[in-house]
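Please look over the sequence and the model below before reading on.

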Amino acid sequence: MKTQSSAIAPSAIAVSASPARGPGTLQAALGVVAFSLTFPATAWGLEGFGPWSMVAVRSVLAALIAGGCLLVLRVAVPARRHWAGLAIVAGGVVVGFPLLTTLALRTSTTAHAAVVVGLLPLTTALLSALRMGTRPSRTFWAAALAGAAAVAAFTVQQSGGALTSADLYLFGALLVCAAGYTEGGRLARVMPGWQVIGWALVLCLPLSLPAAALALTYEPVGLTAHSVTGLLWVAAGSQFLGLVVWYRGMAAIGIPKASQLQLAQPLLTLVWSVLLLGEDLTPAAPLTAAAVLVCIAVTQRARG
């Protein structure tokens, strides 16, 4: 593979950063749907895999898929100046978030874990403002805070309002994932979004491969339809395909506005939890869903 030239024409950046907003919103929304299945799929996977095996094997499988695509399409290796950003993406969304949330889901329900997803859009918007100098309007921030508060209140109520030992894992996951999303959205302005996550996955392969071999040696494995399906989804769907469309969407409509689409993610996760895991859903869900949709509409229209 050849190394990309270090010079990128400003016009090329402008074109890649300003595609049609409609397709960008749709792509970001598809990413949210893919991510909403992550917690239920992880719960399925943990029925047959240990937490360390689950994280390492999913990373290896996703890296093989991404690496195969990069190789077949003969994609040039990113310029040296992009590797630091790719390392942040890898640490946040390839290693950090999957590991911390998987450890949390050993003792937490998916409903309780959805708290971290409910607060992720606001955290991503804050880190984006610090990292990239974006300045969304006051209306945007008011709607974002209202949506985050509604989601947090709903998910905490779903979990009975009790804090567990898993919360430290969840809040850690919140921070590292927001950093990975912010850096990935920035890189997606100068290279295709699928290449951002693809190279981040490949970057982790020298670590994830031996980690998977070691974890599988020490943690018992029980292959079932649920565990295999859950593993395959988090590897191919959540870890690769979902991030591909997500980063493309962020590059198209901007990190702050794309991040607010994730306000719907915990509610979708709760629906999947009922359908796939048999968890209970309270009557408050439709009201919260309506409030979140209003907040999303406001953030999408607010001018930054």
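Predicted model: local features only at pLDDT ≥ 70, side-chain atom pairs only at ≥ 80, totals over all residues.

Residues are numbered from 1 along each chain as its sequence is written, and side-chain values use heavy atoms, with hydrogens and water left out.

**The chain**

The chain has 13 helices and zero strands. Helices (H or I, at least four residues) and strands (E, at least two) are DSSP runs, numbered from the N terminus. The C-alpha trace spans about 55 × 50 × 30 Å along its principal axes. The radius of gyration is 19 Å, which agrees with the value near 19 Å that a compact globule of 304 residues would have. That radius is taken over C-alpha atoms, and the globule rule is 2.2 Å times the number of residues to the power 0.38.

Of the 304 residues, 52% count as buried. Buried means under 20% relative accessible area, exposed means over 50%, and partly exposed lies in between (1.4 Å probe, protein chains only). The chain exposes about 13200 Å², and carbon and sulfur atoms supply 71% of it. These areas come from the Shrake-Rupley method with a 1.4 Å probe; for residues, only the protein chains shown count as cover. Among contacts (heavy atoms within 4.5 Å) with a separation of 6 or more, 93% are between residues 24 or more positions apart.

**Empty spaces**

Rolling a probe the size of a water molecule over the atoms shows where empty space is left. On a 1 Å grid over the protein atoms alone, a cavity is a set of points where a 1.4 Å probe fits but cannot get out; a pocket is an open set with protein on both sides within 12 Å along at least five of seven lines, and lining residues have an atom within 4 Å of a point. Grid points are joined across faces, edges and corners, and a volume is the space filled by probe spheres set on the points.

There is one cavity of 30 Å³ or more.

| Space | Volume | Residues closest to its centre |
|---|---|---|
| Largest cavity | about 150 Å³ | F35, T38, F97, Y181 and S238 |
| Largest pocket | about 270 Å³ | W52, V55, A56, S208 and A211 |

The cavity lining takes two or more residues from each of α3 (38–45), α5 (83–104), α8 (166–187), α10 (225–253) and α12 (265–277). By class, the cavity lining has nine nonpolar, five polar and one charged residues. Here Ala, Val, Leu, Ile, Met, Phe, Trp, Tyr, Cys and Pro count as nonpolar, Asp, Glu, Lys and Arg as charged, and the others, Gly among them, as polar.

For the pocket, α4, α5 and α9 (193–218) each give two or more residues. The largest share, seven residues, comes from α9. The pocket lining has twelve nonpolar, two polar and one charged residues.

G118 is found in helix α6 (residues 110–132). Is G118 buried or exposed? G118 counts as buried because its relative accessibility is 0%. Leaving aside neighbours within four places in sequence, G118 is in contact with A148, V151, L263 and P266.

A142 lies in helix α7 (residues 138–158) and counts as partly exposed, at 47% relative accessibility.

R74 sits in the loop between α4 (51–72) and α5. Its phi is near 55°, a positive value in a residue other than glycine. R74 counts as exposed, with 76% relative accessibility.
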